[in-house]
Amino acid sequence: MKRFLLLCFLLWACSSLADAAVALDKYESEVRSRVVAKIREGLSQAGLSTELSGVVTLSSDGRFFLENGGALKVLCSGALPQVGDVVSVFGAPTLEGGRVVFRAKKWTLKEKGKLPVARAVTASELTDPETSGGVNGRRVILTGRAIGVTESGFAINVEDVPINVMMRDLPSFLSDCDRTHPKVRVTGVAELMLDPSALLEGPGYVMGVKVDVASAGDIELEPDVAYLAARRDSRLVLAVEVSIGVLAVGLLVFAAVIFRQRRGMFRTRTIMAERKRMADDIHDTIEQHLVGAGMLLKLNRNKEAQEILVRAKREIRDIVWGLQNDDMMRLTPADMLRKLAHEENTKGIYRVDTRLEGLPPSMDAASMRDLSLIVRESIGNAVKHGGAKKIAISSDPLENGGWRLRISNDGAPFDPETAPGAKEGHFGIEGMKQRARRIGVTARFERRGEGMVLILEKCAR
């Protein structure tokens, strides 16, 4: 009987190991196909360079764009060619923002050429990953309403799609575009960025759209009735409209429409700024992780490469989760946490209860995402590492005008000072602390009886 039980145990162990090996092989195969572009970047240093030529359509800030049948962005650390130059470039391909770009080692001037004709494009052509590849890096013409000045230029709304226009010196008629919203015609070079899934799962959607403009002459004003009305003296408009009593109802309707439009434009600008920040996070973190993993795989240091890829996967999950939950960003912090608890309870594995008082009525989108990710990470750690079955999320106001949030669980307690950290490949606690610092709260762990509690405190300024 003992031999029979031993044989059954051995068969079960072998089956589990076989399933794990199949899953690992599949995971490694998927990772290998995604990091091949990064490995090519490392191989380019060994002599896999090439030469291409074309006419320069834009040149500034350490890069220029070439068109010659196709279009390509060229990164250059030295002197840059001028717009209209036909140049020959020697270098190697690399990745940026989910798309292939070219890193130049040197370039030579061949002759002066003629700029390609700019093509009018629609918002759908820019944001559809199936068509955006034929637009990226090319001279395009966009028509839309200016919705506000940014740090690097201004933004326009094209068919309800926010697009950054990059330029140094704004025309005077754009100085108050956040109030007047003039209709403009922009000629420049389109530069698009794919979402994170383009690096790991193939094309998903276009995450960022910007148009680089060479000079103020490429921005043309198209006056219309709405713009001219916005330029008039508001007191004169009010006096005229009040004097015409029969238009009082129409004036109220007009004011309601303008309010709705301004609210929609504010949300558009907020989403645009948030996606730009996410794009910067992807460029500064995920891309560097993949480069490092590719080089380690080349050196057959698979274990270290796997640790880096696990870290990248976690960061991609956080970024994608934030993109997929824009609706949650419109809730109050308390309602967002109640919705989060409801989602966790649908899993049926553990229970999450809430008692929320004293939280602020609103937070910006970045703080809401960081707060939700802290709570999700705390719940995940309690269940995964502590075996928790009951979790409570509670909050109270502080006397100084701030608030305190507690995430308690009945799982196995631990010492946060001696718990595994980044050196051991565990980034949960450190990640929660970093997010807490970003939203201006203090975070600490305390043992409560046979469980643990994470305490977040926000003091009023």
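A crossing of two helices is called left-handed if the near helix is turned anticlockwise from the far one by less than a right angle, and right-handed if it is turned clockwise. Keep that in mind, everyone, and let me show you around.

What you see is a predicted model, in which local features need pLDDT of at least 70 and side-chain atom pairs count only at pLDDT 80 or more, while totals for chains, interfaces and linings use all residues. Residues are numbered from 1 along each chain as its sequence is written, and side-chain values use heavy atoms, with hydrogens and water left out.

First, the overall picture. The chain has 12 helices and 17 strands; these are DSSP runs, H or I of at least four residues for helices and E of at least two for strands, numbered from the N terminus. Of its 461 residues, 41% are buried, where buried means under 20% relative accessible area, exposed means over 50%, and partly exposed is in between, with a 1.4 Å probe and protein chains only. Among contacts (heavy atoms within 4.5 Å) with a separation of 6 or more, 63% join residues 24 or more positions apart.

Now to helix α11, residues 365–386. How do α11 and α12 cross? The axes of α11 and α12, the latter spanning residues 428–438, come within 9 Å and cross at roughly 155°. Those axes are lines fitted to C-alpha atoms, for helices over the stretch in contact, and the angles run from 0 to 180 degrees between N-to-C directions. The two helices are therefore roughly antiparallel to each other; that label is for angles over 145 degrees, with under 35 roughly parallel, 65 to 115 roughly perpendicular and the rest oblique. And here is our opening term: α11 passes α12 in a left-handed crossing.

Who meets whom there? On the α11 side we have D370, L373, I374, E377, S378 and N381, and on the α12 side G428, M432, R435, A436 and R438. By class, this contact has 4 nonpolar, 3 polar and 4 charged residues. In that count, Ala, Val, Leu, Ile, Met, Phe, Trp, Tyr, Cys and Pro are nonpolar, Asp, Glu, Lys and Arg are charged, and the others, Gly among them, are polar.

Helix α10 is another partner. The axes of α10 and α11 come within 11 Å and cross at roughly 35°, and this crossing is right-handed. P333, M336, L337, L340, E343 and E344 of α10 meet M368, L371, S372, V375, R376 and I379 of α11. The class count for this contact is 8 nonpolar, 1 polar and 3 charged residues.

Next, the interior. A nonpolar core is a set of buried Ala, Val, Leu, Ile, Met, Phe, Trp, Tyr and Cys residues joined through side-chain atoms within 4.5 Å. The largest one has 31 residues, and L337, V375, I379, I393, L405 and L456 have the most contacts inside it. At least two residues each come from α10 (333–345), β13 (351–356), α11, β14 (390–397), β15 (403–409), α12 and β17 (451–458). Which element gives the largest share of this core? That is α11, with 6 residues.

Zoom in on I379: beyond residues up to four places away in sequence, I379 touches L340, E344, Y350, V352, I391 and I393. There is also a second, separate core of 25 residues, including L142, L174, A190 and I219.

Let me finish with a few loops. L331 sits between α9 (302–323) and α10, partly exposed at 30% relative accessible area. In sequence L331 and A365 are 34 residues apart, and their C-alpha atoms are 10.0 Å apart in space. Leaving out residues up to four places away, L331 touches M336, K339 and M368.

Apart from its neighbours within four places in sequence, N136 contacts A71, R99, A190, E191 and L192.

Phi is near 55° for E159, a positive value in a residue other than glycine. D160 also has a positive phi, near 65°, and D160 counts as exposed at 67% relative accessibility.
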